[in-house]
Amino acid sequence: MLSGKLIVSKNGTLQVQFTNSKGKQGTFNIKESELSADLLEIRKKASAQLNSLEVELEEVGGQPKQIREKGKPFVSAQPLTPKKQVTSQAQPVNLSHSSSQKNPPGDFHNPYNFVPALPRNIKGELGDRPPCGHDS
């Protein structure tokens, strides 16, 4: 966790000035999505109040992230969107393949099942048998 201060420029651009993890001081423009809900609310009502405000932040890839007031936890202003629930219906799997059979879109087709296995009735040297020992 790093600390810095906010700067509101004359044209209304919001920036943060902080010393990064390598000891280099810099000033970065801030995306509103990186502000905590508290800071975003202040920005919408009276952004001049943010000028010279002490903040804490995280640094990811040299960029400031999760900017919040000093001593307060980061609370995202972006509501969490629920992920789509995937519903699947069990369908019988047909393992027999032929060139005339088409799979409907969305059905899984294992590409390694295109060659049927040979029947296991091979006689002679290549047939099934117990393995040889290490002594031979």
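Buried means under 20% relative accessible area, exposed over 50%, and partly exposed in between (1.4 Å probe, protein chains only).

The model is predicted: local features need pLDDT of at least 70, side-chain atom pairs count only at pLDDT 80 or more, and totals for chains, interfaces and linings use all residues. Residues are numbered from 1 along each chain as its sequence is written, and side-chain values use heavy atoms, with hydrogens and water left out.

Start with the sheet. Five strands form an open, antiparallel sheet in the order S3-S2-S1-S4-S5. Strands (E, at least two residues) and helices (H or I, at least four) are DSSP runs, numbered from the N terminus. Two strands pair if DSSP finds at least two bridges between them. S3 and S5 (63–69) stand at the edges with a single partner strand each, so one side of each lacks a neighbour in the sheet. Neighbouring strands are turned by 40° against each other on average, direction ignored. S1 and S2 pair over five bridges. Gly 4 stands opposite Phe 18 in S2.

Helix H1 packs on this sheet. H1 touches S1, S2, S4 and S5, and its direction makes about 85° with that of S5. Contact means heavy atoms within 4.5 Å. Axes are lines fitted to C-alpha atoms, for helices over the stretch in contact, and angles run from 0 to 180 degrees between N-to-C directions.

The largest nonpolar core has 13 residues, and Leu 6, Val 16 and Ile 67 have the most contacts inside it. Such a core is a set of buried Ala, Val, Leu, Ile, Met, Phe, Trp, Tyr and Cys residues joined through side-chain atoms within 4.5 Å. S2 gives the most to this core, with three residues. Leu 6 touches, among others, Val 16, Leu 39, Val 55 and Ile 67.

Charged pairs come next. The structure holds eight salt bridges, each a side-chain nitrogen of Lys or Arg within 4 Å of a carboxyl oxygen of Asp or Glu. Glu 56 and Arg 68 form one of them, at 4.0 Å. Glu 56 lies in S4 and Arg 68 in S5, so the pair ties together parts twelve residues apart in sequence. Glu 56 is buried at 13%, and Arg 68 is buried at 7%. Back at Glu 69, a salt bridge joins it to Lys 72, at 3.5 Å. Asp 38, Glu 69 and Lys 72 are linked in a network.

Conventions: Lists of a residue's contacts leave out its neighbours within four places in sequence.
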